[in-house]
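Biologist: Let's go through this model together. I will ask, you answer.

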Amino acid sequence: MKIAGVKGMNDVLPADVARWQEMERVAREVFALYGYREVRTPAVEHAQLFARGVGEATDIVNKEMYVFEDKGEELLALRPEGTAGTVRAFIEHGAYVEGPQKWFYMGPMFRREKPQKGRYRQFHQIGCEAFGIAEPFLDAEQIALVADYFARLGVGARLKLNSVGDAACRPAYLAELKAYLGGRKAELCPDCIDRLERNPLRVLDCKVESCQPVLNGAPRLLERLCDGCRTHFDQVKVALDALGVRYEVDGRLVRGLDYYVRTAYELTSDALGSQSAVAGGGRYDRLVETLGGPPTPGIGFALGEERLAMILEKAGKAPPAQGPAVFFVSADAEGALEALRRAAELRRGGIACDLDPRGGKLKAQFKQAERVGARYALVLGGAEVQSGQAKLKDLSSREETPVALAQLAGFLASLPRP
RNA sequence: GUGAGUAUAGCUCAAUCGGUAGAGCACUGGACUGUGGAUCCGGGGGUUAAGGGUUCGAGCCCCUUUACUCACCCCA
């Protein structure tokens with residue numbers, strides 16, 4: 001019986017892996033420029049960590065999380081997001097005693113949702129977390145980092161910015177919002193009536209046409225921020241302007257997780273279909289404390305690698321080619337043995353090369369050379385072995401260059417990679 | 001969890017009214033015995049998702065199941 005992969009968990013085949021390596025390599029490069037260092041935490045944590053950190057009432061925790069009993073001893077969970085585990089590690093290892101820290105991670109996350117375009121049960125996130133700095137310039141710097149990253153990859157995305165307030169101003173606003181929406185319940189769609197109780201901020205995000213008149217008249221959080229949040233938000237914008245980062249303020253932008261305060265931001269692309277967010281983040285000044293650490297402000301974001309890969313593909317960005325430099329073509333038994341020796345020599349010298357151990361017709365070997373993406377082909381037979389001379393064929397231009405076998409490694413090393 | 005759609009070769013898809021399952025790509029052989037991509041000719045590939053029903057006859061119609069896709073909820 002044939003066993004298929006698990007629903008919502010996908011293979012990335014070799015042909016597509018180059019794109020993933022590119023995304024991750026550029027991330028490491030750009031993040032290093034901003035002083036972020038990589039942290040690697042387990043994919044499995046105590047379920048309690050997410051219940052407390054992400055929020056008991058969120059969909060992510062109460063209906064989408066993979067939870068299991070480990071041999072009846074403890075309740076564990078596959079991580080549904082990266083921040084909670086990173087904060088746990090930050091606290092557990094006492095990293096806060098060394099002052100502000102900027103960390104990043106990348107890896108698989110798990111949510112048991114119904115899969116659709118850009119949404120999978122195992123998906124991959126790259127995320128940054130900065131701890132210990134409450135100042136708004138940090139927010140702007142991190143947003144600039146994301147913008148830089150996208151620019152380096154050559155993809156366009158819209159940056160939306162908002163402030164979701166904090167404990168000083170959000171409760172009063174929520175009460176006002178609920179009162180307003182409650183009074184006009186009759187004009188709202190069924191989903192919104194449901195959201196009114198569970199997550200009133202989400203109502204503002206509703207796309208249903210009939211809800212729009214109500215939403216347009218709703219009280220705006222941005223106009224009711226406390227002084228602290230107001231100043232913080234203004235300073236983030238000042239800093240972003242100074243950094244030349246383009247953004248649009250979207251008063252309806254909401255974060256789904258409980259821990260966010262003040263700055264919230266999101267990058268979206270219309271290349272994605274319904275799940276348009278490719279990255280989302282915000283400030284979480286109380287989270288470290290909530291998880292048992294000392295009061296430590298923080299801000300972070302996560303981006304979805306599957307979604308980013310979709311944007312890159314749709315934009316027609318070709319992943320970098322990664323074939324061997326040389327493919328040895330053997331014309332006879334003597335040449336085949338020589339090819340084996342020369343390939344070993346090149347590989348010792350750090351030059352990627354390949355050959356077809358089956359030998360066979362030259363035509364088939366040349367096709368193989370092309371298929372694996374080799375830059376050059378080199379035919380070896382008794383004649384070449386005798387003379388010590390061979391012809392290096394450029395597979396794209398079809399030009400042949402005479403080269404002494406003894407000088408092959410040096411010759412290839414001196415060529416610039418295209 | 002809810003709703004809709006789809007399922008035919010490795011991939012993308014045809015198949016008229018219910019009447020012998022096909023093409024392109026890919027793979028492979030030859031034209032071309034030491035030089036790949038073009039062209040031409042040939043070859044292998046199928047339980048038409050699975051199971052049941054109607055019918056002389058089902059890829060096509062009906063039922064059940066499964067899988068996938070998209071959307072809602074929610075989210076990266």
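Biologist: Which helix supplies the largest share of the surface near RNA strand B?

Modeller: This is a predicted model: local features need pLDDT of at least 70, side-chain atom pairs count only at pLDDT 80 or more, and totals for chains, interfaces and linings use all residues. Residues are numbered from 1 along each chain as its sequence is written, chains are lettered from A and ligands numbered from 1 in the order written, and side-chain values use heavy atoms, without hydrogens and water. Near means that a heavy atom of the residue lies within 4 Å, and helices (H or I, at least four residues) and strands (E, at least two) are DSSP runs numbered from the N terminus. With six residues, the largest share comes from helix 14.

Biologist: How many charged residues does the surface near RNA strand B have?

Modeller: Asp, Glu, Lys and Arg count as charged; Ala, Val, Leu, Ile, Met, Phe, Trp, Tyr, Cys and Pro as nonpolar; the others, Gly among them, as polar. The surface has 12 nonpolar and nine polar residues. The charged residues number 25.

Biologist: How far is the polar side-chain atom of E400 from a base nitrogen of RNA strand B?

Modeller: A polar contact here is a pair of N or O atoms within 3.5 Å. The backbone of G118 places an N or O atom 3.5 Å from a base nitrogen. The side chain of D59 has an N or O atom 3.4 Å from a sugar or linking oxygen. For E400, the distance to a base nitrogen is 3.1 Å.

Biologist: Why is the pair of F31 and F104 classed as it is?

Modeller: Rings of Phe, Tyr and Trp (its six-membered ring) pair if their centres lie within 6.5 Å; planes under 30 degrees apart are stacked, over 60 edge-to-face, the rest tilted. The search of the whole structure finds 11 aromatic pairs. In this one the centres are 5.2 Å apart and the planes at 70 degrees, so the pair is edge-to-face.

Biologist: Is F31 buried or exposed?

Modeller: Buried means under 20% relative accessible area, exposed over 50%, partly exposed in between (1.4 Å probe, protein chains only). F104 has 4%. F31 has 0%, so F31 is buried.

Biologist: What distance separates the centres of domain 1 and domain 2?

Modeller: Chain A is divided into domain 1 (14-169 + 225-314) and domain 2 (326-412). The bounds come from an automatic or database domain assignment. Taken over C-alpha atoms, the separation is 48 Å.

Notes
A polar contact is a pair of N or O atoms within 3.5 Å; within protein, one must be able to donate a hydrogen and the other to accept it, and residues adjacent in sequence count only if both atoms are side-chain atoms.
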